[in-house]
Amino acid sequence: MDQFTLQGFKSKMFAVSHKTVFVVDHCPYMAESSRQQVECDVVTKSRAQGLIPLAPVSKSLWTCAVECSMEYCRILYDIYPRDKLINYIVSDSEFHILNGWRREDQSVHELMSALAAIGPPNPREDPECCSILHGLVAAVESLCKITELQHEKRMALMDTADRVANRGRIICLTDAKSDTHVRMLEDYIQETILEQNKLAAGSDCLMAIQQCELVLIHIYPQGEDTLVTDRAKKEISPLLTSEVHSVRAGRHLAAKLNILVQQHFDLTSTTITNIPMKPTLNFCDQEEQHANTSANYDVELLHHRDAHLEFFKNGDLHMAGTSTRENGLKETVTLKWCTPRSNNIELHYCTGAYRISPTDVNSRPSSCLTNFLLNGRSVLLEQPRKSGSKVISHMLSSHGGEIFLHVLNSNRSTLEDPPSISEGCGGRVTDYRITDFGEFMRENRLMPVSESRYDPSGKLPVERAKAQLERYTRYWPMIISQTTIFNMQAVVPLANLIVKETLSEEDVLTCQKTVYNLVDMERKNDPLPISTVGSRGKGPKRDEQYRIMWNELETLVKTHAGSTDRHQRVLDCIVACRSKPPEEEERKKRGRKREDREERAEKNGSKEAEEKSWQDSERLKGLLDKEDQESEVIKDSPDSPEPLNKKPRVSAEEDHPPERAKGPVSLLTMWTNRITAANSRKHQEFAGRANSVNNKFELYQQLKDENGMDVHENGKASR
């Protein structure tokens with residue numbers, strides 16, 4: 001085993017989270033009330049008349065500290081029952097170590113029994129004799145002691161036992177006086193670490209502390225102002241880092257420790273929604289009338305963050321329903337309850353299993369869910385989606401009395417037949433970026449390197465090759481329908497340059513020019529190669545297409561923005577171009593309204609054109625039938641001359657060529673217009689209509705010339 005492997009193993013095996021020491025202040029001032037009232041009397045309809053309600057009570061600072069620290073330990077023991085250890089110390093006039101590093105001492109029941117023996121703080125005890133320093137000294141001494149896991153590792157590496165790391169964390173719950181008092185505590189811990197490391201250097205039973213994290217939590221009652229300022233993690237020395245949290249007692253302290261346990265042990269939250277449960281009767285009969293109905297509940301679970309690894313890789317947290325909780329500091333991923341399975345015979349393709357711990361373990365929904373799962377049932381969880389088929393991504397099931405969150409492969413399974421690129425047999429995906437992948441392989445070919453070639457960075461050639469491959473694959477969609485920017489020639493210069501390890505000024509200008517060209521395309525409303533596979537209708541509108549394009553481009557550049565400052569400048573350019581001025585947004589809004597109006601007018605125009613064409617065809621059909629009847633009568637008479645082809649008389653409005661209707665013209669209308677035009681060219685125009693004025697012609701004009709009579713327009717003479 002080489003040196004690099006050893007360092008990587010020990011950093012993972014014995015990180016700071018391996019040892020955690022709780023130091024809880026037991027001095028008289030911790031007996032002070034937290035001033036957060038707890039109602040002990042529940043108003044019910046069945047309460048007898050004249051019964052005096054119970055007065056609310058408030059917990060002490062000590063009770064709040066113990067409850068919240070026990071909740072921290074419960075979550076830790078649920079998820080890490082073996083390799084994460086806790087040592088609990090109470091400090092007053094002396095220190096009291098409630099448990100050790102042995103595995104049999106690591107349980108909530110053991111700690112609660114020891115705390116019951118300690119009892120609450122004595123408010124009449126002399127404050128001058130009590131100090132949190134006693135507990136902090138004992139915490140440093142405890143960190144120097146060897147755990148069973150460290151001992152096993154040291155025995156396995158006899159020659160290199162000094163390489164086994166010893167790190168730990170101290171969480172101190174106290175009522176500090178001021179920032180000066182906090183700095184004094186930090187200096188005292190730093191001196192104690194140096195002293196204990198000297199003792200450990202000459203002992204085989206102790207280990208020197210290589211790294212210690214101090215988390216100091218100042219607790220103060222509700223309604224009071226604090227003199228201690230919050231401070232982020234700060235390095236006091238190479239051996240000690242410190243952070244300060246000033247928190248009000250009660251629910252605020254519980255929320256803070258819930259956040260800290262997630263940060264310290266790489267946990268995350270999942271909320272199971274739409275859990276159906278039937279209300280049960282209680283002693284107050286509050287839910288008697290709803291006993292035959294069911295309601296949906298939510299249960300929040302904590303687990304290792306690797307259970308959401310696929311969400312983080314694919315950037316699908318928005319699809320999984322990420323929402324921010326009330327404290328605003330941590331997020332939870334929402335998954336929906338599916339129909340539970342009665343047995344575990346069905347085999348699921350599982351990629352991971354992680355222990356869970358309910359956030360509110362005493363609530364009825366959490367209790368019902370855990371009992372349901374411990375009885376051998378399994379529950380599938382799906383990602384909430386607005387449309388499309390549901391995606392089953394996780395499963396809850398118990399094994400050996402412990403509940404696990406199983407990660408199911410929601411993507412293509414390796415057990416399935418591989419999809420064929422050419423014929424499409426064996427899989428549903430056929431639109432792979434084959435040409436782009438060929439170019440990708442050409443850009444990342446390996447070749448022998450001469451030993452005389454020197455790299456200024458000092459990296460081995462294989463390391464440089466791995467680094468380049470990692471940069472090129474940070475964002476590389478495999479399917480054509482899943483990307484927009486890689487289907488656009490306008491984005492090619494930026495996509496080729498942004499993956500480089502370093503950018504020159506000319507490269508930055510080229511990338512910025514590409515972004516400006518995209519802005520110009522959006523201003524001109526040019527179409528984008530958006531895939532419409534699987535969607536109905538015309539696909540997304542133009543504004544939505546550009547929004548998808550900008551989001552994908554920003555995702556690509558963000559993956560490389562941390563490389564150099566010039567990469568960040570490219571990202572800043574994209575962000576600046578995306579933030580449109582108000583007048584541009586107003587213009588876009590007017591354009592969207594105009595498109596909607598045109599679309600509605602197009603639909604209405606097509607309906608009107610169809611109705612008008614139908615009416616014209618019916619009228620023309622009637623006239624043609626009448627003409628056929630007249631021609632048949634004339635042809636049946638042998639003394640009649642051959643009739644002339646007459647144009648059917650139409651009204652003045654119909655004499656003008658019809659205006660072109662908006663929207664599409666039906667095939668019947670086109671054929672009718674063609675026949676009408678052809679028939680009009682087959683006969684000589686009527687002389688009266690040809691010489692008319694405003695479509696009116698005076699009849700019997702010869703009578704007016706011969707007899708001198710006044711002829712009216714209707715042809716009747718008058719004297």
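This is a predicted model: local features need pLDDT of at least 70, side-chain atom pairs count only at pLDDT 80 or more; totals for chains, interfaces and linings use all residues.

Residues are numbered from 1 along each chain as its sequence is written, and side-chain values use heavy atoms, with hydrogens and water left out.

**Stop 1: a stacked pair**

Select F22 and Y88. Their ring centres are 5.8 Å apart and the planes meet at 25 degrees, so this pair is stacked. Rings of Phe, Tyr and Trp (its six-membered ring) pair if their centres lie within 6.5 Å, with planes under 30 degrees apart called stacked, over 60 edge-to-face and the rest tilted. Ten aromatic pairs turn up in the structure.

Now colour by secondary structure. F22 belongs to strand 1 (residues 19-25) and Y88 to strand 4 (residues 85-91), so the pair ties together distant parts of the chain, 66 residues apart. Here helices (H or I, at least four residues) and strands (E, at least two) are DSSP runs, numbered from the N terminus.

Are these two buried or exposed? F22 is buried at a relative accessible area of 0%, and Y88 is buried at 0% as well. Buried means under 20% relative accessible area, exposed over 50%, and partly exposed in between (1.4 Å probe, protein chains only).

Then show K84, whose charged end sits over the ring of Y80, 5.4 Å from its centre. That label needs NZ of Lys or CZ of Arg within 6 Å of the ring centre and within 35 degrees of the ring normal.

**Stop 2**

Leaving out residues up to four places away in sequence, its contacts include S69, Y72, C73, I86 and L173; contact means heavy atoms within 4.5 Å.

Zoom out to the largest nonpolar core, which has 38 residues, with F22, Y72, Y88, L115, I217 and I219 having the most contacts inside it. Such a core is a set of buried Ala, Val, Leu, Ile, Met, Phe, Trp, Tyr and Cys residues joined through side-chain atoms within 4.5 Å. Which element gives the most to this core? Helix 2 does, with 13 residues.

Click on C73, which lies in helix 2 and is buried at 0% relative accessibility. Beyond its neighbours within four places in sequence, C73 contacts F22, I86, V108 and L111. C73 and L111 are 38 residues apart in sequence, yet 9.3 Å apart in space, C-alpha to C-alpha.

**Stop 2: helix 7**

Select helix 7: its 14 residues reach 20 Å from first C-alpha to last, close to the 20 Å expected at 1.5 Å a residue. The expected span is 1.5 Å times one less than the number of residues. Its buried residues, among them L253, L257 and L260, pack against partners that include helix 2, strand 6 and strand 7. Just after helix 7, look for D266, with a positive phi of about 60 degrees.

**Stop 3: an edge-to-face pair**

Jump to F437 and W476. With ring centres 5.9 Å apart and planes at 65 degrees, this pair is edge-to-face. F437 is partly exposed at 40%, and W476 is partly exposed at 22%. Show R433 too: its charged end sits over the ring of W476, 4.2 Å from the centre.

**Stop 4: cysteines**

Most residues other than glycine have a negative phi. Find R35 in strand 2: its phi is positive, about 65 degrees, although it is not a glycine. N525 has a positive phi of about 65 degrees too, and it sits in the loop between helix 13 and helix 14.
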